Amino acid sequence: MVGYTGSSPAAYHFAKEWHKNAEIARAYLEKAAKRAKKYADKDRRPENFKVGDKVLVKLQPAQLKFFPKCTTDWCGAR
């Protein structure tokens with residue numbers, strides 16, 4: 001087992017149980033992430049843009065300082 005190299009049997013069993021529970025939790029989180037992705041992708045459609053296409057860009061407030069022409073959160077073609 002990885003993570004414990006001492007001679008205490010109680011500590012070894014504790015570490016072994018800890019690793020087992022961590023693996024179970026990791027598996028549940030992976031399963032939940034796959035389920036969430038499935039539902040998130042359900043309403044998505046592929047977007048294909050070409051050079052010269054006009055798009056609307058959502059900017060975070062911290063990003064607005066780099067785009068002084070944008071006065072709101074939404075900055076698109078004017």
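Which residues form a positive surface patch? In the predicted model, where local features need pLDDT of at least 70, side-chain atom pairs count only at pLDDT 80 or more, and totals for chains, interfaces and linings use all residues, the patch is formed by Lys-31, Arg-35, Lys-38 and Lys-42. Residues are numbered from 1 along each chain as its sequence is written, and side-chain values use heavy atoms, with hydrogens and water left out.

Patches are made of residues with over 30% relative accessible area and no salt bridge, like charges being joined within 9 Å and nonpolar side chains (Val, Leu, Ile, Met, Phe, Trp, Tyr) within 5 Å. A salt bridge is a side-chain nitrogen of Lys or Arg within 4 Å of a carboxyl oxygen of Asp or Glu. Lys-38, a member of the positive patch, is placed in helix H1 (residues 9-42). Lys-38 is exposed, its relative accessible area being 52%; exposed means over 50%, buried under 20% and partly exposed in between (1.4 Å probe, protein chains only).

A nonpolar surface patch consists of Phe-49, Val-55 and Val-57, with about 260 Å² of accessible area together. Phe-49 is located in the loop between H1 and strand S1 (57-58) and is exposed, with a relative accessible area of 55%.

Helices (H or I, at least four residues) and strands (E, at least two) are DSSP runs, numbered from the N terminus. Of the 78 residues in the chain, 6% are buried. The accessible surface of the chain is about 7600 Å² (Shrake-Rupley method, 1.4 Å probe), and carbon and sulfur atoms account for 60% of this surface.

Terms used: Lys, Arg positive; Asp, Glu negative; His and termini not counted. Charge placed at Lys NZ, Arg CZ, Asp CG, Glu CD.
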